[in-house]
Amino acid sequence: MAPPDSQPLRLRATGCRTALGDARATCAGLLLGRRALELLPVLGSEGGDPVPLAPLPGRNLMETAPPAWLSCLDELAAEIPPAPWGSARHPVFVTSSNFGVGSLYAVQRTGDPRHFATGMPFATVEFIGARLGWGTNVTVVSHACVSAHVGLLLAERGLRAGLADRALVFSFDFISPFVTGGFHALKILNGGMPAPFSARATGSIGLGDGAAFAVLELGQGGYRLSAQATHNEMHHFTGNRPDGAGFATCLAPVAAAAAGRRLWIKGHGTGTLEAGRLESVTLASVFPGAPLVSWKGSLGHTLGSCGLVELAVAIAALDSGRTPGTIAAEPPCFTDTVAIAPFANGGFDGVVLASNAFGGAHAACLLSHD
Amino acid sequence: MIERFIHAVAVEDPGPEEPAQTRDRLRDLFPPGATRRMTQLGLVIGGVLHPLDPRETDAIVYASTHAETRALEAYLASFPNASPMLFQTSIHPSAVQQVLIAWERPVGQFFPLAGRLQIVAHAVQTALLASGSRSILCGGEERKPVLLGQGAGSAITFAFALALTPDPAGALGALALSGGGAPDGRLLLCDFFAAVRDRRPLRQAAAPGLELILSWT
């Protein structure tokens, strides 16, 4: 058998849930140009300005006890190939930005102590782990909107070190007034629908529910991940270096691994102006001519889960032969590489997946197929 | 067994110190005005990272079970007029970001972990498997807030940082994980901190199949 360092990192299984459904339904909806985002009160049942949100169908932003989104995780977990997850050789990496913080908001508003059971990150993960029958070998990763990428990277390292046979990366973020109120206070969650990578007068994001998983192992065949890379600018809490150097630093190892491939790019593309311009310009420079898409104009930004949700959708797109375009983008775009319409992906042999987060955190990797 | 050697150690153990006192004590570590919006956890994390002088090529692993509970509580109290500043600072891993942004120190690898009973094992594993020549394993908590209660906060404020490299020469100690052993295990962050602070050796099942070994020369 080849040594762990030389074996490809194979994606044995992936899946997701968004406001449009599972990975296949989400991809199909995106290909049809469906926009899950709708204008809803920023604080849910407590009202406030209408802002673009894409919760799971029928889900209210105000948390119940236990959280209503648990049924979504149950459905998703049923797709995970059976294994003794959370045991020594089958580690789990749970990644999120908000975990169950909507429960803390609920306890603060209602005084109902039952919400504490899923309030803090560790409590949320212990609750979910017990519910899904996992052991306690569960690493909890919390790096805002690059959390899922970090989980994928740590899973790879455990596999290559020989510490695991397979690894499960499990990611979720469900919107609540805690997070909608925060982004609204930052004025980037406003009344405008997001139009990723579009050169408009005012930028805006949408927020959505998302959950996803990936089962990783070393071996040949199927979809594989490589060149997982991160970089943290530490320049500003909510801004990037104006020269785009942080994006370029993160993308350099991905570009080296992808040399000679015909690529398309699933970017981060939330709908903010400055980050969108820096991202699209840098991607066009590092990967000349590669079509760039973002799906957050439909699904909203699913926060800490976005990297894994969009990985699962990208695989569904590869399976379907067509890549959804950048829904809601409007010309002029920051670069002519932004793909607004869907396109056939059969002629491509690699996908760059990129995400960004608070603190100028960047993450990227290469998805390819044997 | 995977192992790295300890080449620098820093701890913050401020006891019942209030955030304002911590701010006054550690103010000189940061640029003028930077501490005004920092949390107590951010301040003590800065206190332990400063002597280790983080570099871009380091991998920084940060562990906190409760993180910015005071900012979280204040943010929740700010509704319905949510505070954008408290929103940012309440989000894990704000403490390390407060510090490194103040110092404008980029870092290639930054791995922030939460969790509780196995957080130490997983943070150590992450630090031992990091690429590059030096990894910094740090962690900490701030004393629990008033309102959240119910296990949502730490009883004490503390922080620690260890600089780890593959080089045994001149090392202060070693940190290792061995496989096999117990099917379960646990080690709280505050207990690991106490061992580091007291330079006490540890050998303990810290997660399923992972035994943690902390030794000092």
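How many Å separate the centres of domain 1 of chain A and domain 2 of chain A? In this predicted model, the distance between the two centres, taken over C-alpha atoms, is 19 Å. The domain assignment places residues 4-218 of chain A in domain 1 and residues 223-369 in domain 2. Where the two meet, 64 residues of domain 1 are in contact with 57 residues of domain 2. On the domain 1 side, two or more residues come from each of the strands β1 (9-18), β4 (50-54), β7 (167-173), β8 (207-208) and β9 (210-218), and from the helices α1 (23-31) and α5 (147-160) of chain A. Sorted by class, this side of domain 1 holds 38 nonpolar, 19 polar and 7 charged residues.

Turning to chain A as a whole, its secondary structure consists of 10 helices and 16 strands. Its radius of gyration is 19 Å, close to the 21 Å given by the globule rule for 370 residues, so chain A is as compact as a globular protein of that length. Along the principal axes, its C-alpha atoms fill a box of roughly 60 × 50 × 40 Å. Of the 370 residues, 64% count as buried. Among contacts in chain A with a separation of 6 or more, 78% link residues 24 or more positions apart.

Chain A also meets a partner: 47 of its residues are in contact with 44 residues of chain B. Elements of chain B that each supply at least two residues to this side are α4 (84-90), α5 (94-103), β3 (109-113) and α6 (119-129), and β3 of chain B gives the most, with 5 residues. The chain B side comprises 24 nonpolar, 16 polar and 4 charged residues.

Methods: Residues are numbered from 1 along each chain as its sequence is written. Chains are lettered from A and ligands numbered from 1 in the order in which they are written. This is a predicted model: local features need pLDDT of at least 70, side-chain atom pairs count only at pLDDT 80 or more; totals for chains, interfaces and linings use all residues. Domain bounds come from an automatic or database domain assignment. Two residues are in contact if their C-beta atoms, placed from the backbone, lie within 7 Å. Helices (H or I, at least four residues) and strands (E, at least two) are DSSP runs, numbered from the N terminus. Ala, Val, Leu, Ile, Met, Phe, Trp, Tyr, Cys and Pro count as nonpolar, Asp, Glu, Lys and Arg as charged, and the others, Gly among them, as polar. The radius of gyration is taken over C-alpha atoms; the globule rule is 2.2 Å times the number of residues to the power 0.38. A residue is buried if 20 or more other C-beta atoms lie within 10 Å of its own, exposed if 12 or fewer, and partly exposed in between; C-beta atoms are placed from the backbone.
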